[in-house]
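Hi everyone, thanks for coming.

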Amino acid sequence: MGNILWVASYPKSGNTWVRAFLENYIQNQAQPIDINTMHTISTAESAAHRYQHYLPKDKTATTELTLEEVSVLRPQVQADIAHQANGTTFVKTHNYLGEYNGHPLHNSSVTSGAIYVVRNPLDVAISMANYFGYSIDEAIAYMAEEMTGTPNEAPHVPQIITSWSMHVSSWTADDASKLILRYEDMLDDPKKVFRKVESFLGLKKDPVRLKNAIKHSSFAQLKAQETKLGFVEKHENANAFFRNGGKHQWKTKLTPEQVQKIVATHYEQMKRFKYLPAGM
């Protein structure tokens, strides 16, 4: 059995919120953990420093690696993460669950399971536009591309994202050893949803610890910390990482044409997760 439990999601869908809950629950401190040290029990598999050790002699930085070269190294880097862990370690990923040119994006031999967070693509489009400096239409187009991803930047190697629908389908097609969470349910009933996380991890029911972890990882708490201290994971194009965090923003932010385009592209998965607007 592997040591990696993936915390997976399409970008801007609640990945950081889940990791904040896990950090606060497991550390179980009297005060909220510092979001800028949120790597005691978790890490990001795309962190460039993990690949640095494996650079060919003719390269000095991970930004010089091709996507193919990164893909070849990925399983070994993930094996390193698992072997260095003291028990289960939570690893953030935005990669879809699949392969790139025959190379697996997630090393199954060191994987124990996954928590996957899905969010209404109508709201994801707005969040992505604000975060990455896109227009709404650019965000909608990005979410429809079958083989899109993130760039090769100094802090992180590229990730293979794919379209919103393909990403969701890849992670949720088989529920074995996975916990699937809807972002909106996390907002509506965090106690119920995070109790599922507690149970999924095989932890004994602890209402006080659960309540404190939910309180310490609330959106208001995370946003307040970022306002005061900044957040190391914030993209350079974003004014803030924790911006709104709500649901149904699309009702006032998207045009009917934009809603229709998203629904037409992602109808199957939106219907499956009850995201279709009324009458569609």
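This is a predicted model: local features need pLDDT of at least 70, side-chain atom pairs count only at pLDDT 80 or more; totals for chains, interfaces and linings use all residues.

I'll talk about the sheet, then the cores, then the aromatic rings.

Five strands make an open sheet, and if you read across it the order goes E2-E3-E1-E6-E7, with parallel pairing. So which strands stand at the edges? Those are E2, residues 42-44, and E7, residues 178-182; each has a single partner strand, so one side of each has no neighbour in the sheet. On average, neighbouring strands are turned by 20 degrees against each other, if you ignore direction.

Let's zoom in on one pairing. E1 and E3, the latter being residues 89-93, run parallel and share 5 bridges. If you want a landmark there, Ile4 sits opposite Thr89 in E3. And now look for helix H6: it lies across E1, E3, E6 and E7, and runs at about 140 degrees to E6.

Next, the cores. The largest nonpolar core has 45 residues, and the ones touching the most other members are Tyr10, Met128, Trp164, Leu254 and Met270. Several elements supply at least two residues each, including strand E1 (4-9), helix H3 (67-84) and helix H12 (256-272). Which element gives the most? That's H4, with 8 residues.

Take Met270 from that list. Setting aside neighbours within four places in sequence, the contacts of Met270 include Asn120, Pro121, Trp164, Ile262 and Tyr275. There's also a second, separate core of 26 residues, and among its members are Tyr25, Met38, Tyr183 and Met186.

Last stop, the aromatics. The count is 8 aromatic pairs. One of them is Trp17 with Phe194: edge-to-face, 5.9 Å centre to centre, and 65 degrees between the planes. Trp17 is in helix H1 and Phe194 is in helix H8, so this pair ties together parts that are 177 residues apart in sequence.

Tyr131 is buried, at 7%.

Two charges to finish. Lys12 lies over the face of Tyr131, 4.0 Å from the ring centre, and the charged end of Arg119 sits over the ring of Tyr183, 4.4 Å from its centre.

Note on methods: Residues are numbered from 1 along each chain as its sequence is written. Side-chain values use heavy atoms; hydrogens and water are left out. A nonpolar core is a set of buried Ala, Val, Leu, Ile, Met, Phe, Trp, Tyr and Cys residues joined through side-chain atoms within 4.5 Å. Buried means under 20% relative accessible area, exposed over 50%, partly exposed in between (1.4 Å probe, protein chains only). Helices (H or I, at least four residues) and strands (E, at least two) are DSSP runs, numbered from the N terminus. Contact means heavy atoms within 4.5 Å. Two strands pair if DSSP finds at least two bridges between them. Axes are lines fitted to C-alpha atoms, for helices over the stretch in contact, and angles run from 0 to 180 degrees between N-to-C directions. Rings of Phe, Tyr and Trp (its six-membered ring) pair if their centres lie within 6.5 Å; planes under 30 degrees apart count as stacked, over 60 as edge-to-face and the rest as tilted. A charge sits over a ring if NZ of Lys or CZ of Arg is within 6 Å of the ring centre and within 35 degrees of the ring normal.
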